[in-house]
Amino acid sequence: MHIHKFEKIWLILGTVTLVAFLSTIGIQAFTSPDHAPPSDLTTIEPEEVETTAPFDEPGLKKVGENEYELVMILQSFGFTPGEVEIPQGAKVKFIVTSIDVVHGFEVAGTNINMMVTPGHINSMTYTFDEKGSFLILCNEYCGIGHHYMSAELEVK
């Protein structure tokens, strides 16, 4: 089979480019520490969530001037607490975990979006600059009552 000279050059160039691209991705995937999951690496026993601090007292706590921590527990088809009021302009650190299955934690209208797995504590910080109502919802299918899983966050 005869292959034209320029066609051979393009085949060799394409193969070399493909190998270089895949090598670069492979080296970065296995050597770079920046590809860790976007959550804390703190773990907790899922059976002991409700007796372990800070999840033994879920809710909003003031930790500084206009800074708060919101500790939430996610369980089948609900959030604890289900309703939260936050002052306008507050910087809030969300600390969440799950006691049963994988859930999603999303505050609609913001960039707060975490996958919450049992045995892991996730956290994210967000500043609420404007007043309004925000819907907190589970965006991972967690069971037959998944569509009932929501909470309300009011910024006043």
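Modeller: Domain bounds here come from an automatic or database domain assignment. The model is predicted: local features need pLDDT of at least 70 and side-chain atom pairs count only at pLDDT 80 or more, while totals for chains, interfaces and linings use all residues. Residues are numbered from 1 along each chain as its sequence is written, and side-chain values use heavy atoms, with hydrogens and water left out.

Biologist: What are the domains of the protein chain, and how far apart do their C-alpha centres lie?

Modeller: Domain 1 covers 1–31 and domain 2 covers 38–155. Their C-alpha centres are 46 Å apart.

Biologist: What makes up the protein chain in helices and strands?

Modeller: The protein chain has 1 helix and 10 strands. Helices (H or I, at least four residues) and strands (E, at least two) are DSSP runs, numbered from the N terminus. The order along the sequence is α-β-β-β-β-β-β-β-β-β-β.

Biologist: Why is the protein chain called more spread out than a compact globule?

Modeller: The radius of gyration is taken over C-alpha atoms, and the globule rule is 2.2 Å times the number of residues to the power 0.38. For 156 residues that rule gives 15 Å; the protein chain has 23 Å, well over that value, so it is more spread out than a compact globule. Along the principal axes, its C-alpha atoms fill a box of roughly 75 × 35 × 30 Å.

Biologist: Why is the pair of Y126 and F128 called edge-to-face?

Modeller: A pair of aromatic rings is described by the distance of the centres and the angle of the planes. Rings of Phe, Tyr and Trp (its six-membered ring) pair if their centres lie within 6.5 Å; planes under 30 degrees apart count as stacked, over 60 as edge-to-face and the rest as tilted. The centres of Y126 and F128 are 4.8 Å apart and the planes stand at 70°, so the pair is edge-to-face.

Biologist: Why is Y126 called partly exposed, and what is F128 by its relative accessible area?

Modeller: Buried means under 20% relative accessible area, exposed over 50%, partly exposed in between (1.4 Å probe, protein chains only). Y126 has 23% relative accessibility and therefore counts as partly exposed. F128 has 1%, so F128 is buried.

Biologist: How many aromatic pairs does the ring rule give?

Modeller: The count is 5. F79 and F105 form an edge-to-face pair, at 6.1 Å centre to centre with 65° between the planes. F79 lies in strand β3 (residues 78–80) and F105 in strand β6 (residues 103–107), 26 residues apart. Both F79 and F105 are buried.

Biologist: Which residues form the aromatic cluster?

Modeller: F79, F94, F105, Y126, F128 and F134 form one cluster.
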